[in-house]
Amino acid sequence: RRPEEPRIAVAVELAEEFLREAIGGERPWCCFVSINEPHDPFIAGEESFRRYDVDAIPLAPNVHDNLEGRPGIYRKVAATWADLSDRQKREAAACYYALISEIDAMYGRLLSLLERTGVLEKTIVVFTSDHGELLGAHGLYTKNYSGFEEVYNIPLILAGPGIARGAVSEARVGLHDLCPTLLELAGLPPIENSDSRSFAPAARDPERESGSYRQGY
């Protein structure tokens with residue numbers, strides 16, 4: 001890795017190497033590109049950081065939550081960051097957003113490769129995360145010791161054949177549902193004894209199908 005590049009580049013360069021070989025072959029392929037970012041301690045490149053006006057970044061509306069009525073462990077953990085000033089919290093947010101900008105650029109390289117090689121339109125692309133980041137919400141950071149929405153409501157973006165374009169779904173689904181969903185979208189048989197369900201219908205027609213997924217299981 002070149003010193004000026006984020007460490008995300010390591011995973012992306014390996015993925016590019018894999019894709020160049022896989023796309024040229026005749027067998028179906030699946031490329032899983034996993035990274036730690038944007039994860040604490042939020043170390044981002046200076047160029048990415050400078051794109052954000054620290055003083056203009058809004059803090060979470062519940063940043064000064066006193067956590068009364070919540071489990072005592074929440075307040076105990078919150079003491080870890082109690083001495084951070086609002087300015088420092090904004091700086092942390094700027095670093096977090098800078099990391100996201102770097103991720104956008106790096107993953108954009110992979111999408112550009114798929115486009116240049118003519119396979120993007122027939123490739124299913126999934127972008128998601130394993131958890132959220134509190135980023136100062138409720139006076140907390142990282143993800144542990146709390147069951148707040150900021151941790152569990154994560155991004156899930158799908159694109160490709162059989163998936164509606166430019167649509168937003170209100171379906172309530174989980175990461176474990178991706179397995180049967182991708183199998184259905186790829187025209188493959190479902191796995192046996194599944195503990196999840198496909199939300200391919202909601203991906204195809206979010207407006208009509210999302211309601212049936214809102215109540216969960």
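A: A nonpolar core is a set of buried Ala, Val, Leu, Ile, Met, Phe, Trp, Tyr and Cys residues joined through side-chain atoms within 4.5 Å. Buried here means under 20% relative accessible area, exposed means over 50%, and partly exposed covers the range in between, with a 1.4 Å probe and protein chains only. The structure is a predicted model, in which local features need pLDDT of at least 70 and side-chain atom pairs count only at pLDDT 80 or more, while totals for chains, interfaces and linings use all residues. Residues are numbered from 1 along each chain as its sequence is written, and side-chain values use heavy atoms, with hydrogens and water left out.

The largest nonpolar core has 21 residues, and those with the most contacts inside it are Phe42, Leu134, Leu135, Leu140, Tyr141 and Phe148. Helix α4 provides the largest share of this core, six residues. Both α3 and α4 supply at least two of its residues each. A second, separate core has 13 residues, among them Ala15, Met106, Leu113 and Val119.

Setting aside residues up to four places away in sequence, Leu134 touches Leu140, Tyr141, Thr142, Lys143, Ser146, Phe148, Glu150 and Val151, where a contact means heavy atoms within 4.5 Å.

Tyr141 leads on to the aromatic pairs. Rings of Phe, Tyr and Trp (its six-membered ring) pair if their centres lie within 6.5 Å; planes under 30 degrees apart count as stacked, over 60 as edge-to-face and the rest as tilted. Six such pairs are found in a search of the whole structure. One of them joins Trp81 and Tyr141, a tilted pair at 5.7 Å centre to centre with 55° between the planes. Trp81 lies in the loop between α3 (72-78) and α4 (86-116) and Tyr141 in the loop between β1 and α5 (149-152), so this pair ties together parts that are 60 residues apart in sequence. Both Trp81 and Tyr141 are buried. Another pair is formed by Tyr96 and Tyr97: the ring centres are 6.0 Å apart and the planes stand at 65°, so the pair is edge-to-face. Tyr96 counts as buried because its relative accessibility is 15%, whereas Tyr97 is partly exposed, with a relative accessible area of 28%.

The wider chain gives the setting. Helices (H or I, at least four residues) and strands (E, at least two) are DSSP runs numbered from the N terminus. The chain holds eight helices and two strands, in the order α-α-α-α-β-α-β-α-α-α from the N terminus on. Its C-alpha trace spans about 55 × 45 × 30 Å along the principal axes, and 34% of the 217 residues are buried. Of the contacts between residues at least 6 apart in sequence, 66% join residues at least 24 apart.

Burial can also be followed in helix α6 (residues 178-185), where Leu178, Pro180, Thr181, Leu183 and Leu185 are buried. The cover over these buried residues includes β1 (125-128), β2 (156-159) and α7 (200-204). Just after α6, Gly187 takes a positive phi of about 75°.

The loop between α6 and α7 contains Ile191 and Ser196. Ile191 is partly exposed, with a relative accessible area of 44%, and touches Cys179 and Leu183 when residues up to four places away in sequence are not counted. Ser196, by contrast, counts as buried at 15% relative accessibility. The side chain of Ser196 makes a polar contact with that of Ser194 at 3.1 Å; a polar contact is a pair of N or O atoms within 3.5 Å, where within protein one must be able to donate a hydrogen and the other to accept it, and residues adjacent in sequence count only if both atoms are side-chain atoms. A polar atom of the Ser196 side chain also lies 3.1 Å from the backbone oxygen of His176.

Confidence is expressed as pLDDT, the predictor's confidence in each residue from 0 to 100. The chain has a mean pLDDT of 92, and 94% of its residues reach 70 or more. Confidence is highest in β1, at 98, and lowest in helix α8 (residues 206-209), at a mean of 80.
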